[in-house]
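Thank you all for coming.

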Amino acid sequence: KARKIGLVKYVRDIADEYEKNGQIAAARLTRNCADRLDLFRGATVSLAAVDKEYVLAFIEYLKNCTRMPGGIDHKNNVDSKKPLSQYTKISMYNRLCVCLNRAERDGLILRNPCNILDRRDKLKKGESTRCYLTLEELKKIMDLKLDYKNNIREAFIFCCFTGLRYSDVQKLTWGEIKAGPDGTLRIETKMKKTKQDIFIPL
């Protein structure tokens, strides 16, 4: 059966399932992975043909990938010849692993070849530098006189003090500001990205 099922189609079908279930971020990542697999060796590769050598070759392909094939992305005004970020490379590889784990559970392949790779062959996270504002810098932003008609600065400062993502502040309502067990006010909301409930004292 696996000889008749194309890898790219299988990955796209999983992306469609994510989308139907409202898992938009997972759907987008999985669809991007399918696009990369298509560019790598085409849509005719079957699940049965995906072995350790295929996965290793895909890793090497990702290492040398650019953001988009074909030069400049005029729509988004970015240089698509720039290499993929390490985060994107790892995300693409991890998506392939997830889909092959699913294929193994579905009985379409005997074993996920990603699970037999040597640790040295896998993509590694690069060292990242996390930037942050000092309290003095934050105070300067708060004191800055701006002539505008929106609340973007206030929203940014609110994000800094609460740790909320901007997407969570955007959807915040007065109904999510409630009194906690001790009577003090707190934010009770569900994070948009992770769907996790959080409680932040004010």
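Let me begin with Thr30, which, if we set aside the neighbours within four places in sequence, is in contact with Val11, Ile14, Ala15, Tyr18, Arg95 and Cys99. Please keep in mind throughout that what you see is a predicted model. Thr30 has its place in helix α2, which covers residues 24-41. Is Thr30 buried or exposed? With a relative accessibility of 0%, Thr30 counts as buried, because the cut-off for that word is under 20%.

From there I would like to move to the nonpolar interior. As a general remark, nonpolar side chains in soluble globular proteins tend to be buried together. Here the largest nonpolar core has 35 residues, and those with the most contacts inside it are Leu7, Leu37, Leu47, Val55, Leu62, Tyr93 and Leu100. The elements that give two or more residues to this core are α1, residues 7-20, together with α2, α3, residues 52-63, and α4, residues 86-105. Which of them gives the largest share? That is α4, from which 8 residues of the core come. To take one member as an example, Leu37 touches Leu7, Val8, Val11, Gly42, Tyr54, Phe58 and Leu96, where residues up to four places away in sequence are not counted. There is also a second, separate core, made of 9 residues, and among them are Cys159, Leu172, Ile187 and Ile198.

Now to the strands. Strand β3, residues 177-179, and strand β4, residues 185-190, pair in the antiparallel sense over 3 bridges, and within that pairing Ala179 has Leu185 in β4 as its bridge partner. The hairpin of β3 and β4 has 5 residues between the strands, and in this hairpin Gly183 takes a positive phi near 95°. On β4 there is a further pairing, again antiparallel, with strand β5, residues 197-201, this one over 5 bridges, and here the bridge partner of Glu188 is Phe199 in β5. In the hairpin of β4 and β5, with 6 residues between the strands, Lys195 is the residue I would point to, with a positive phi near 65°.

That brings me to the charged side chains. In general, side chains of opposite charge can pair when their charged atoms come close. How many salt bridges does the count come to? The count is 14, and I will go through some of them.

In helix α3, Lys63 and Glu60 lie 3 residues apart, about one turn of the helix, and they form a salt bridge in which the closest N and O atoms are 3.1 Å apart. Lys63 is partly exposed, with a relative accessible area of 39%, and Glu60 is partly exposed as well, at 42%.

Lys178 is partly exposed at 38% relative accessible area, whereas Glu188, at 19%, counts as buried because the limit is under 20%.

Another salt bridge joins the side chains of Lys190 and Asp197, at 3.2 Å from N to O; Lys190 is partly exposed, with 40% relative accessible area, and Asp197 is partly exposed, with 47%. Finally, Arg12, Asp35 and Asp38 are linked in a network of salt bridges.

Methods: Residues are numbered from 1 along each chain as its sequence is written. This is a predicted model: local features need pLDDT of at least 70, side-chain atom pairs count only at pLDDT 80 or more; totals for chains, interfaces and linings use all residues. Side-chain values use heavy atoms; hydrogens and water are left out. Helices (H or I, at least four residues) and strands (E, at least two) are DSSP runs, numbered from the N terminus. Buried means under 20% relative accessible area, exposed over 50%, partly exposed in between (1.4 Å probe, protein chains only). Contact means heavy atoms within 4.5 Å. A nonpolar core is a set of buried Ala, Val, Leu, Ile, Met, Phe, Trp, Tyr and Cys residues joined through side-chain atoms within 4.5 Å. Two strands pair if DSSP finds at least two bridges between them. A salt bridge is a side-chain nitrogen of Lys or Arg within 4 Å of a carboxyl oxygen of Asp or Glu.
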